[in-house]
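Dear colleague,

I am handing over the structure below for your review.

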Amino acid sequence: MHSKVVTMKDAIAAHVRDGDTLVIEGFTHLICFAAAHEVIRQRRRELTLARLTPDVIYDQMIAAGCARKLIFSWAGNPGAGSLHAFRRAVEARPAELELEEYSHFGMVTRLSAGAARLPFGVMRNYMGTDLPAANPLIRTVNCPFTGETLAAVPALNPDVTIVHAQRADHHGNAQVWGLMGVQKEAAFASKRVIVVVEELVDESVIRADPNRTLIPGLIVDAVVVEPWGCHPSYAQGHYDRDNEFYVAWEEISRDPGRLRAYLDEHVYGVTDRAEYMRRQPALAERLGARPRICAGVSYGY
Amino acid sequence: MMAAVAARELRDGEVTFVGIGLPNLACNLARALHAPNLVLIYESGAIGAAPDRLPVSIGDPSLVTGSLMVCPMADVFQLFLQNGRVGVGFLGGAQIDRWGNINTTVVGSYREPKVRLPGAGGAPEIAVHARRVLVISRLSARSFPAEVDFVTSPGQRSHGRSRRELGMPGAGPVKVVTDKAILESDPSTGEMVLTALYPGVAVEDVERGVGWPLRVGAALDTVAGPTGEELRLLREVLDPRGLYLS
């Protein structure tokens, strides 16, 4: 099988198109900012962005004019405040961003149904809430066996999903440890999948520990090797979350001028993630992870 | 004080769905004091977490290191929460009303909000499924209206219908811990009533902080102030940088 390894620039150019529904997943952990920045640099437009937590990553994409619509369940800056580009777009009259919102369980169920190629997913949820009134796609269905009324949400099948992993081989067999979020479901639900990794490894490394593979290469279209590709998010075992940056984003995003200056300097002003890191030499020392090795298991028989 | 009061509500061994901020402090305080076997579940997928630093977010890497299990979020919601394995959930919000309904979505109307808040997160499913829910919020008339602008997470009665009529498995918000007093849901009506005051706080102080005619429970207790050990742990061990304690 031929290698799927390409540059970030080529991966985004080939797989992310104007008007696509794009998912860059990762719950706090493994959020691929390097991919988002390349989407911004290539000036993709009219995207429907979907994620449980839009986070700073989608706040930057909204500010850069990439987004037409947001599908989400929690739009805050975790532990630090608001996403101000998001809020400005939503509080504008008329609103500049279309919203479709669920709870986390609702988003997880949408992607799980999409991954299983079912038309919808069910939960026991949303009784008494105003969410179905705000979003007519949250409906009910009666159980054919018990008659119970359950909540139903439509499958979500993105055009493209981008997930970051600690390591993968040339074919995209990707291994993740630490928080796994909803990446597996998002990748299986998607028409196209880009895997971005901290480290490219030989297939034998993957085969030595198959239980750790979250995304199999057979659903992957492109592999990008991008160390530090998640900063200011984190990669367990590689680098810590840059909580200082998340706190700083509260002030940066509050002021459209400062936000634009940030994008000019750290997104438009660099060609790729390697240059982004070269321009901020103190990051690696401040955030590099101390090792905490697990002993491993025997797969013998 | 709120963190200390909330910590006292937790029982040893209980499975607790933890949110960030004060709930996280309360859970870790309880773990250091009377509830060493508290099982902390974070919606990010950390089960039995034992963080050795105060997590800034609910997806902090310290929740993974040394935890009992790390699972996909689908498992958290399906296999733990919907399965009925969560004993107590913590919620907060911009608005909490007379029936314990919580709003974290919008101030004003949904289509044309005055303030856009973060939204639901995992709160609605916690409010539906956790066996009981503790709410933590500072008291103010703005935060405690008679009726929330938007029901993100259901309380004891929503749009005139009770939890039982709506078919919710958990008991919902049974207690609201504020910075002045504790409110509890009346077992027959579901209305939040005043059941305990902090030292030095008068009933009128609490009445001014809620937007409905507050009923006072049959037995009005006084909450014991924080002990020296509670304060020491909170200030010196759990939140030495004052991230959440002000």
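In chain A, three strands form an open sheet in the order β5-β7-β6, with antiparallel pairing. Strands pair if DSSP finds at least two bridges between them; helices (H or I, at least four residues) and strands (E, at least two) are DSSP runs, numbered from the N terminus. The edge strands, each pairing on one side only, are β5 (120-123) and β6 (139-142) of chain A. From one strand to the next the twist averages 45 degrees; axes are lines fitted to C-alpha atoms, for helices over the stretch in contact, and angles run from 0 to 180 degrees between N-to-C directions.

Four bridges link β5(A) to strand β7 (residues 149-154) of chain A in the antiparallel sense, and A:F120 stands opposite A:P154 in β7(A). Helix α5(A) packs on the sheet, where it touches β5 and β7 of chain A, and its direction makes about 140 degrees with that of β5(A). Contact here requires that the C-beta atoms of two residues, placed from the backbone, lie within 7 Å.

Please note that this is a predicted model: local features need pLDDT of at least 70, side-chain atom pairs count only at pLDDT 80 or more, and totals for chains, interfaces and linings use all residues. Residues are numbered from 1 along each chain as its sequence is written, while chains are lettered from A and ligands numbered from 1 in the order in which they are written.

A parallel pairing is also present in chain A: strand β3 (residues 67-72) is joined to strand β4 (residues 98-101) by four bridges. In β4(A), A:E100 is the bridge partner of A:I71.

Turning to helix packing, the axes of helix α2 (residues 33-41) and helix α10 (residues 256-268) of chain A come within 10 Å and cross at roughly 105 degrees. That makes α2(A) roughly perpendicular to α10(A) (the term covers 65 to 115 degrees; under 35 counts as roughly parallel, over 145 as roughly antiparallel and the rest as oblique). A:H37, A:I40 and A:R41 of α2(A) meet A:L263, A:V267 and A:Y268 of α10(A).

Finally, the contact between the chains takes 42 residues from chain A and 39 residues from chain B. On the side of chain A that touches chain B, α4, α5 (104-115), α6 (131-134) and α7 (183-189) of chain A each give two or more residues. The largest share, four residues, comes from α5(A).

Yours sincerely
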